[in-house]
Amino acid sequence: MRLVAFTGGKGGVGKSLLAANTAIAMAMNGRRTVLFDADLQLANIDVMLGLKPEHNLQSVVLGEKSLRDILLEGPGGVKIVTGGSALNGLMNAGPKRMATFLDQLESLNNVADIVVFDTGSGLDQRVMTFLRIAHEVVLVTTPDPTSVTDAYATLKVLLKKQPDVAVSVLANFVRNEDEARHIFATLNAISREFLGYSLRSLGHVHADLEALQSIRSRKALVVNQPESMAARDIRRVATALAAGPAPLTKLNAAS
(Lines give C-alpha, C1' and ligand atoms only; values in the text may rest on other atoms or scores of the structure.)
Protein backbone atom coordinates (compact mmCIF):
# COMPACT_ATOMS: atom_id res chain seq x y z
CA MET A 1 0.00 0.00 0.00
CA ARG A 2 1.42 3.35 -1.08
CA LEU A 3 0.78 6.52 0.88
CA VAL A 4 0.66 9.72 -1.18
CA ALA A 5 0.17 13.14 0.42
CA PHE A 6 -1.05 16.23 -1.39
CA THR A 7 0.06 19.46 0.25
CA GLY A 8 0.63 23.12 -0.52
CA GLY A 9 2.62 25.84 1.14
CA LYS A 10 -0.49 28.01 1.40
CA GLY A 11 -4.24 27.80 1.06
CA GLY A 12 -6.08 28.55 -2.15
CA VAL A 13 -3.88 26.50 -4.49
CA GLY A 14 -6.63 23.97 -5.30
CA LYS A 15 -5.00 21.15 -3.35
CA SER A 16 -8.22 19.47 -2.17
CA LEU A 17 -9.80 19.54 -5.63
CA LEU A 18 -6.70 17.93 -7.12
CA ALA A 19 -6.31 15.33 -4.36
CA ALA A 20 -9.95 14.29 -4.52
CA ASN A 21 -10.22 14.08 -8.29
CA THR A 22 -6.85 12.38 -8.71
CA ALA A 23 -7.90 9.70 -6.21
CA ILE A 24 -11.24 9.28 -7.99
CA ALA A 25 -9.51 9.03 -11.37
CA MET A 26 -7.21 6.29 -10.06
CA ALA A 27 -10.21 4.40 -8.66
CA MET A 28 -12.02 4.70 -12.00
CA ASN A 29 -8.92 3.23 -13.62
CA GLY A 30 -9.12 0.11 -11.46
CA ARG A 31 -6.77 1.00 -8.61
CA ARG A 32 -8.10 0.36 -5.10
CA THR A 33 -7.89 3.89 -3.79
CA VAL A 34 -8.71 5.52 -0.45
CA LEU A 35 -9.07 9.30 -0.28
CA PHE A 36 -8.16 10.39 3.24
CA ASP A 37 -9.19 13.89 4.37
CA ALA A 38 -6.19 14.67 6.54
CA ASP A 39 -6.85 18.38 7.03
CA LEU A 40 -7.45 18.21 10.77
CA GLN A 41 -8.62 21.81 10.99
CA LEU A 42 -10.70 22.56 7.91
CA ALA A 43 -11.65 19.17 6.45
CA ASN A 44 -13.96 19.65 3.49
CA ILE A 45 -13.81 16.66 1.14
CA ASP A 46 -17.31 15.55 2.17
CA VAL A 47 -18.71 19.01 1.39
CA MET A 48 -16.81 19.22 -1.90
CA LEU A 49 -18.24 15.90 -3.10
CA GLY A 50 -21.73 16.33 -1.69
CA LEU A 51 -21.41 13.49 0.83
CA LYS A 52 -23.12 13.09 4.21
CA PRO A 53 -21.03 10.68 6.28
CA GLU A 54 -22.50 9.09 9.37
CA HIS A 55 -19.07 8.88 11.03
CA ASN A 56 -15.72 10.62 10.51
CA LEU A 57 -12.18 10.76 11.87
CA GLN A 58 -13.33 12.09 15.22
CA SER A 59 -14.95 8.72 15.92
CA VAL A 60 -11.64 7.02 15.19
CA VAL A 61 -9.53 9.33 17.35
CA LEU A 62 -12.00 8.91 20.21
CA GLY A 63 -11.73 5.14 19.90
CA GLU A 64 -15.38 4.65 18.92
CA LYS A 65 -14.74 3.34 15.39
CA SER A 66 -11.89 1.96 13.31
CA LEU A 67 -10.72 3.48 10.04
CA ARG A 68 -12.30 0.64 8.10
CA ASP A 69 -15.58 1.20 9.95
CA ILE A 70 -15.90 4.75 8.66
CA LEU A 71 -14.92 4.15 5.02
CA LEU A 72 -17.47 5.84 2.79
CA GLU A 73 -18.21 4.88 -0.81
CA GLY A 74 -17.41 7.84 -3.04
CA PRO A 75 -17.67 8.74 -6.74
CA GLY A 76 -16.01 6.42 -9.21
CA GLY A 77 -15.53 3.67 -6.64
CA VAL A 78 -13.10 5.57 -4.43
CA LYS A 79 -13.29 4.89 -0.68
CA ILE A 80 -13.21 7.99 1.53
CA VAL A 81 -12.17 8.73 5.10
CA THR A 82 -13.89 11.99 5.99
CA GLY A 83 -12.64 14.45 8.57
CA GLY A 84 -15.24 17.04 9.52
CA SER A 85 -14.42 20.69 10.28
CA ALA A 86 -12.46 21.93 13.29
CA LEU A 87 -12.90 18.70 15.29
CA ASN A 88 -11.58 19.23 18.81
CA GLY A 89 -10.86 15.55 19.27
CA LEU A 90 -8.45 15.62 16.36
CA MET A 91 -6.88 19.01 16.93
CA ASN A 92 -6.18 18.26 20.59
CA ALA A 93 -5.10 14.64 20.20
CA GLY A 94 -1.88 13.95 22.10
CA PRO A 95 1.09 12.07 20.62
CA LYS A 96 0.03 8.70 22.04
CA ARG A 97 -3.51 8.93 20.67
CA MET A 98 -2.25 10.17 17.31
CA ALA A 99 0.21 7.25 17.19
CA THR A 100 -2.61 4.78 17.84
CA PHE A 101 -4.66 6.45 15.14
CA LEU A 102 -1.83 6.31 12.59
CA ASP A 103 -1.19 2.65 13.43
CA GLN A 104 -4.68 1.92 12.15
CA LEU A 105 -3.57 2.87 8.65
CA GLU A 106 -2.21 -0.67 8.38
CA SER A 107 -5.79 -1.93 8.53
CA LEU A 108 -6.39 -0.39 5.09
CA ASN A 109 -3.85 -2.74 3.49
CA ASN A 110 -6.56 -5.19 2.45
CA VAL A 111 -8.78 -2.56 0.83
CA ALA A 112 -6.33 -0.11 -0.75
CA ASP A 113 -3.44 -0.08 -3.19
CA ILE A 114 -3.01 3.66 -2.74
CA VAL A 115 -4.06 6.04 0.06
CA VAL A 116 -4.22 9.70 -0.95
CA PHE A 117 -3.94 12.16 1.94
CA ASP A 118 -5.40 15.62 1.44
CA THR A 119 -3.42 17.47 4.11
CA GLY A 120 -3.86 20.93 5.55
CA SER A 121 -1.86 23.90 4.34
CA GLY A 122 1.23 25.30 6.00
CA LEU A 123 3.76 23.68 8.31
CA ASP A 124 1.59 22.65 11.27
CA GLN A 125 2.97 19.64 13.14
CA ARG A 126 -0.03 17.51 12.24
CA VAL A 127 0.42 18.39 8.56
CA MET A 128 4.04 17.31 8.84
CA THR A 129 2.97 14.04 10.49
CA PHE A 130 1.14 12.98 7.35
CA LEU A 131 3.88 14.25 5.04
CA ARG A 132 6.53 12.31 6.95
CA ILE A 133 4.72 8.97 6.72
CA ALA A 134 3.97 9.36 3.00
CA HIS A 135 6.01 7.50 0.41
CA GLU A 136 5.48 10.39 -1.97
CA VAL A 137 4.50 14.02 -1.43
CA VAL A 138 2.74 15.98 -4.15
CA LEU A 139 3.58 19.64 -3.70
CA VAL A 140 0.86 21.76 -5.29
CA THR A 141 1.71 25.28 -6.40
CA THR A 142 0.31 27.93 -8.73
CA PRO A 143 1.90 30.63 -10.90
CA ASP A 144 1.52 33.09 -8.00
CA PRO A 145 5.09 33.93 -6.84
CA THR A 146 4.03 33.73 -3.18
CA SER A 147 2.69 30.22 -3.81
CA VAL A 148 6.02 29.13 -5.27
CA THR A 149 7.88 30.69 -2.32
CA ASP A 150 5.63 28.95 0.20
CA ALA A 151 5.99 25.64 -1.66
CA TYR A 152 9.76 25.93 -1.35
CA ALA A 153 9.47 26.68 2.37
CA THR A 154 7.37 23.53 2.83
CA LEU A 155 9.87 21.51 0.81
CA LYS A 156 12.79 22.78 2.87
CA VAL A 157 11.20 21.80 6.18
CA LEU A 158 10.02 18.44 4.85
CA LEU A 159 13.40 17.40 3.49
CA LYS A 160 15.09 18.24 6.78
CA LYS A 161 12.71 15.89 8.60
CA GLN A 162 12.35 13.22 5.90
CA PRO A 163 15.28 13.48 3.48
CA ASP A 164 14.45 10.28 1.59
CA VAL A 165 10.85 11.12 0.66
CA ALA A 166 10.00 11.45 -3.03
CA VAL A 167 8.61 14.90 -3.80
CA SER A 168 6.68 15.75 -6.95
CA VAL A 169 5.59 19.19 -8.10
CA LEU A 170 2.11 19.70 -9.53
CA ALA A 171 1.41 23.09 -11.09
CA ASN A 172 -2.22 24.17 -10.84
CA PHE A 173 -4.23 27.02 -12.40
CA VAL A 174 -1.76 27.38 -15.28
CA ARG A 175 -2.56 29.06 -18.59
CA ASN A 176 -0.41 26.79 -20.72
CA GLU A 177 2.33 24.19 -20.65
CA ASP A 178 5.10 26.79 -20.90
CA GLU A 179 3.92 28.43 -17.69
CA ALA A 180 3.87 25.05 -15.96
CA ARG A 181 7.39 24.25 -17.14
CA HIS A 182 8.61 27.61 -15.83
CA ILE A 183 7.10 26.96 -12.38
CA PHE A 184 8.74 23.55 -12.14
CA ALA A 185 12.07 24.78 -13.46
CA THR A 186 12.13 27.56 -10.88
CA LEU A 187 11.37 25.28 -7.93
CA ASN A 188 13.68 22.54 -9.13
CA ALA A 189 16.59 24.95 -9.69
CA ILE A 190 16.22 26.42 -6.19
CA SER A 191 15.89 22.95 -4.67
CA ARG A 192 19.00 21.69 -6.45
CA GLU A 193 21.08 24.72 -5.52
CA PHE A 194 20.09 25.20 -1.88
CA LEU A 195 18.77 21.80 -0.76
CA GLY A 196 20.76 19.48 -2.99
CA TYR A 197 17.69 17.66 -4.32
CA SER A 198 16.25 17.18 -7.75
CA LEU A 199 12.46 17.12 -7.91
CA ARG A 200 9.99 15.25 -10.10
CA SER A 201 7.42 17.03 -12.24
CA LEU A 202 3.98 15.45 -11.96
CA GLY A 203 2.58 17.69 -14.65
CA HIS A 204 0.05 20.49 -14.57
CA VAL A 205 -3.65 21.31 -14.48
CA HIS A 206 -5.05 24.17 -16.52
CA ALA A 207 -7.11 26.97 -15.02
CA ASP A 208 -10.63 25.86 -15.86
CA LEU A 209 -13.97 27.39 -14.93
CA GLU A 210 -15.56 23.94 -15.01
CA ALA A 211 -13.31 22.91 -12.12
CA LEU A 212 -14.61 25.79 -10.02
CA GLN A 213 -18.15 24.95 -11.07
CA SER A 214 -17.70 21.37 -9.89
CA ILE A 215 -16.93 22.67 -6.39
CA ARG A 216 -20.06 24.80 -6.37
CA SER A 217 -22.18 21.90 -7.58
CA ARG A 218 -20.49 19.52 -5.08
CA LYS A 219 -19.73 16.94 -7.74
CA ALA A 220 -16.51 15.24 -8.82
CA LEU A 221 -15.00 16.95 -11.85
CA VAL A 222 -13.58 13.79 -13.45
CA VAL A 223 -17.00 12.09 -13.18
CA ASN A 224 -19.33 14.92 -14.17
CA GLN A 225 -17.18 16.98 -16.57
CA PRO A 226 -14.81 14.28 -17.85
CA GLU A 227 -13.98 16.12 -21.08
CA SER A 228 -13.13 19.42 -19.43
CA MET A 229 -9.54 20.58 -19.80
CA ALA A 230 -8.81 20.21 -16.08
CA ALA A 231 -10.34 16.71 -15.92
CA ARG A 232 -8.15 15.54 -18.79
CA ASP A 233 -5.09 16.98 -17.04
CA ILE A 234 -6.03 15.27 -13.78
CA ARG A 235 -6.40 11.90 -15.48
CA ARG A 236 -2.84 12.29 -16.80
CA VAL A 237 -1.66 13.15 -13.28
CA ALA A 238 -3.47 10.08 -11.90
CA THR A 239 -1.80 7.81 -14.46
CA ALA A 240 1.65 9.18 -13.63
CA LEU A 241 1.04 8.96 -9.90
CA ALA A 242 -0.27 5.40 -10.07
CA ALA A 243 2.92 4.37 -11.89
CA GLY A 244 4.91 5.09 -8.73
CA PRO A 245 7.40 7.74 -7.61
CA ALA A 246 10.69 8.38 -9.29
CA PRO A 247 13.59 8.19 -6.84
CA LEU A 248 14.48 11.53 -5.27
CA THR A 249 17.99 12.38 -6.39
CA LYS A 250 20.40 13.68 -3.79
CA LEU A 251 23.12 15.92 -5.21
CA ASN A 252 26.60 16.47 -3.94
CA ALA A 253 25.99 20.19 -3.57
CA ALA A 254 23.63 19.78 -0.60
CA SER A 255 23.99 22.47 2.05
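Modeller: One term before the sheet. Two strands pair if DSSP finds at least two bridges between them. Helices (H or I, at least four residues) and strands (E, at least two) are DSSP runs, numbered from the N terminus.
Colleague: And what kind of model is it?
Modeller: This is a predicted model: local features need pLDDT of at least 70, side-chain atom pairs count only at pLDDT 80 or more, and totals for chains, interfaces and linings use all residues. Residues are numbered from 1 along each chain as its sequence is written, and side-chain values use heavy atoms, with hydrogens and water left out.
Colleague: OK, the sheet. What is the strand order?
Modeller: The order is β3-β4-β2-β5-β1-β6-β7-β9. That makes an open sheet of 8 strands with mixed pairing.
Colleague: Which strands are at the edges?
Modeller: β3 (72-73) and β9 (200-206). Each of them pairs on one side only.
Colleague: Which helix packs on the sheet and touches β5?
Modeller: Helix α1, residues 15-28. Contact means heavy atoms within 4.5 Å. By that test α1 touches β1 (2-8), β2 (33-38), β5 (114-119), β6, β7 and β9. Its direction makes about 170° with that of β5. Axes are lines fitted to C-alpha atoms, for helices over the stretch in contact, and angles run from 0 to 180 degrees between N-to-C directions.
Colleague: Back to β1. Is it buried or exposed?
Modeller: Buried means under 20% relative accessible area, exposed over 50%, partly exposed in between (1.4 Å probe, protein chains only). In β1, 7 of the 7 residues are buried, so the strand is largely enclosed by the rest of the structure.
Colleague: Which residues sit on each side of β1?
Modeller: Arg2, Val4, Phe6 and Gly8 are on one side, with Leu3, Ala5 and Thr7 on the other. In a regular strand the side chains alternate between the two faces of the sheet.
Colleague: What does β1 pair with?
Modeller: β1 runs parallel to β5, joined by 5 bridges. β1 also runs parallel to β6, again with 5 bridges. Phenylalanine 6 has aspartate 118 as its bridge partner in β5 and stands opposite valine 138 in β6.
Colleague: New topic. Which residues touch the most others in the largest nonpolar core?
Modeller: A nonpolar core is a set of buried Ala, Val, Leu, Ile, Met, Phe, Trp, Tyr and Cys residues joined through side-chain atoms within 4.5 Å. The largest has 44 residues, and Phe36, Leu67, Phe101 and Phe117 touch the most other members. Helix α7 (residues 145-161) gives the largest share, 6 residues.
Colleague: How many residues are in the second core?
Modeller: 37, and this separate core includes Ala20, Ala23, Met26 and Ala231.
Colleague: How many aromatic pairs are there?
Modeller: There are 3. Rings of Phe, Tyr and Trp (its six-membered ring) pair if their centres lie within 6.5 Å; planes under 30 degrees apart count as stacked, over 60 as edge-to-face and the rest as tilted. Phenylalanine 36 and phenylalanine 130 have ring centres 5.8 Å apart and planes at 55°, so that pair is tilted. Phenylalanine 36 lies in strand β2 and phenylalanine 130 in helix α6 (residues 125-133), so the pair ties together parts 94 residues apart in sequence.
Colleague: Which residues form the ring cluster?
Modeller: Phe36, Phe117 and Phe130, linked by ring pairs.
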